[in-house]
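Here is a short note to read with the model open beside you. Please follow the points in order and find each residue as it comes up.

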Amino acid sequence: MIFISTCSQDTTTDIVMKELDADDVLRFNIDKPEDHAWDFHRDGFRIADKIGGKEITDQTMTSFYLRKPMYFDRIDVPKYGCEENWRREETKELFSDFFRECQSRGLVALVRSQSNKYGKLRQLIAANNHFRVAPWHFFHGELPDELNRGRWVVKPVTGTAVGKDKMMLVRAVDPAKLDLSYPWFVQERIDGEEEVTVVYIDGRTYAASAPRDSFGGEDSRKSLMENPTSWPRCALSTDEERAIKGFMDETGYRFGRFDFIRKDGELWFLELNPNGQWAWLDERNENGLVTMVADAIKSEDRAHRENPSL
Amino acid sequence: MTPNEIATNIAGLGSAGSGNITTSTSFTHSNIPGGGYSMDDANTWD
């Protein structure tokens, strides 16, 4: 049985589960503890889905597919803590440790641990070996001289909220006006023809694109939130496929969703989301993306069943 | 400029079409890259 660790709001899991054998999957929503019971002990474990009437144990689990075990309903945590935050942190750590244990036993499917994580800085350094990369700076305290020329956009390193309903999305900025007492990440603006996103699935790719002018050259998420549209599938050249595989081989990831800008026929690297959302690209599975991902999970799961180690 | 002055106010951004980023149970914002404002970046590993 495949164990999926996620949250109740993860539509990508809703969609991929349709392509998996539902009877052979247990979905754990970390934000719905009332729907679950669990017991990890020295002889094994049992996790129950009280709503669906299913359970998974050390005897029946064959794979762990990590999705999004996170909490969307944020709470105000008092300075000295509170019960709800305690509950969340205890649960999160237990299931994180369970994931690491499953990884050490070779039981994770598609998404590996981030023990050798490539964050934004490492990605940009590695990308230099495979793609065009626009100049960038992570800086604080003093304005780098290069930022006095050209056009730049500011980007976030994390998804941390700045305030109530306020997120740092990609925005054009004059670096000279930035308050240097904060840490900043800026990159030279790329005026390309289209934005290209590529889902990499263990050696296979699924690419889609949208014209750059459809969202004004800034964060594509903003315009898509305002006016949801789907991105049509597009082709990649042999060289582009080779570059993508080279990046994944170098970083060690087997799954992820790239963001690029295509300019004058070349891919300019923006970032890789190693466990991001992807099902929105083919919500009804009309182009087979969901099947590609589900098949990759099932393929690894078959291998786990043939070599049980739990 | 400070982060607060540059950040985007996302309240209401998801009200068009199926992009309601604040819907907590139905998660109707699947058309959004990242499935919402923070799902891509959230560190759900370690």
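1. Start with a term. Two residues are in contact if their C-beta atoms, placed from the backbone, lie within 7 Å. By that rule A:L26 touches A:M1, A:F3, A:I47, A:D49, A:K54 and A:I56, leaving aside its neighbours within four places in sequence.

2. Some ground rules. This is a predicted model, in which local features need pLDDT of at least 70, side-chain atom pairs count only at pLDDT 80 or more, and totals for chains, interfaces and linings use all residues. Residues are numbered from 1 along each chain as its sequence is written, while chains are lettered from A and ligands numbered from 1 in the order in which they are written.

3. The overall build. Chain A has 6 helices and 15 strands; these are DSSP runs (helices: H or I, at least four residues; strands: E, at least two), numbered from the N terminus. The C-alpha atoms of chain A fill a box of roughly 65 × 55 × 35 Å along the principal axes. Among contacts in chain A with a separation of 6 or more, 65% join residues 24 or more positions apart.

4. Domains. An automatic or database domain assignment sets the bounds. Domain 1 of chain A takes in 2-111 + 296-306, domain 2 takes in 120-132 + 191-274, and domain 3 is 136-188. The centres of domain 1 and domain 2 of chain A, taken over C-alpha atoms, are 29 Å apart.

5. Burial. A residue is buried if 20 or more other C-beta atoms lie within 10 Å of its own, exposed if 12 or fewer, and partly exposed in between; the C-beta atoms are placed from the backbone. In chain A, 38% of the 310 residues are buried. In chain B, 50% of the 46 residues are buried. Chain B has 1 helix and 1 strand.

6. Back to A:L26. This residue is in strand β2 (residues 25-29) of chain A. Is A:L26 buried or exposed? It counts as buried, because it has 21 C-beta neighbours inside 10 Å. From A:L26 to A:T91 is 65 residues in sequence and 17 Å in space, C-alpha to C-alpha.

7. A helix with two sides. In helix α3 (residues 120-127) of chain A, the buried residues are A:Q123, A:L124 and A:A127. They cover an arc of only 95° around the axis, so they lie on the same side of α3(A). The arc is that of the directions from the helix axis to the C-beta atoms. On the other side, A:L121, A:R122 and A:I125 are exposed. The buried residues of α3(A) pack against β7 (136-139), α5 (238-251) and β15 (266-273) of chain A.

8. An open sheet. Four strands of chain A run in the order β13-β12-β14-β15, with antiparallel pairing. Strands β13 (204-211) and β15 of chain A are at the edges, each with a single partner strand, so one side of each has no neighbour in the sheet. The twist averages 25° from one strand to the next. Strands pair if DSSP finds at least two bridges between them. Strand β14 (residues 255-263) of chain A is joined to β15(A) by 7 bridges, and A:R257 stands opposite A:N273 in β15(A).

9. A hairpin. Strands β4 (residues 44-49) and β5 (residues 54-57) of chain A run antiparallel, joined by 4 bridges. A:R46 stands opposite A:T57 in β5(A). The hairpin has 4 residues between the strands, and A:G53 takes a positive phi near 70°.

10. Two backbone angles to check. Most residues other than glycine have a negative phi. A:L110 is not a glycine, yet has a positive phi of about 70°. A:L110 is in the loop between α2 (83-104) and α3 of chain A, and is buried, with 22 other C-beta atoms within 10 Å. A:D264, also a residue other than glycine, has a positive phi near 50°. A:D264 is in the loop between β14 and β15 of chain A. Why does A:D264 count as exposed? Because it has 9 other C-beta atoms within 10 Å.

Terms used
Axes fitted to C-alpha atoms, helices over the stretch in contact; angles between N-to-C directions.
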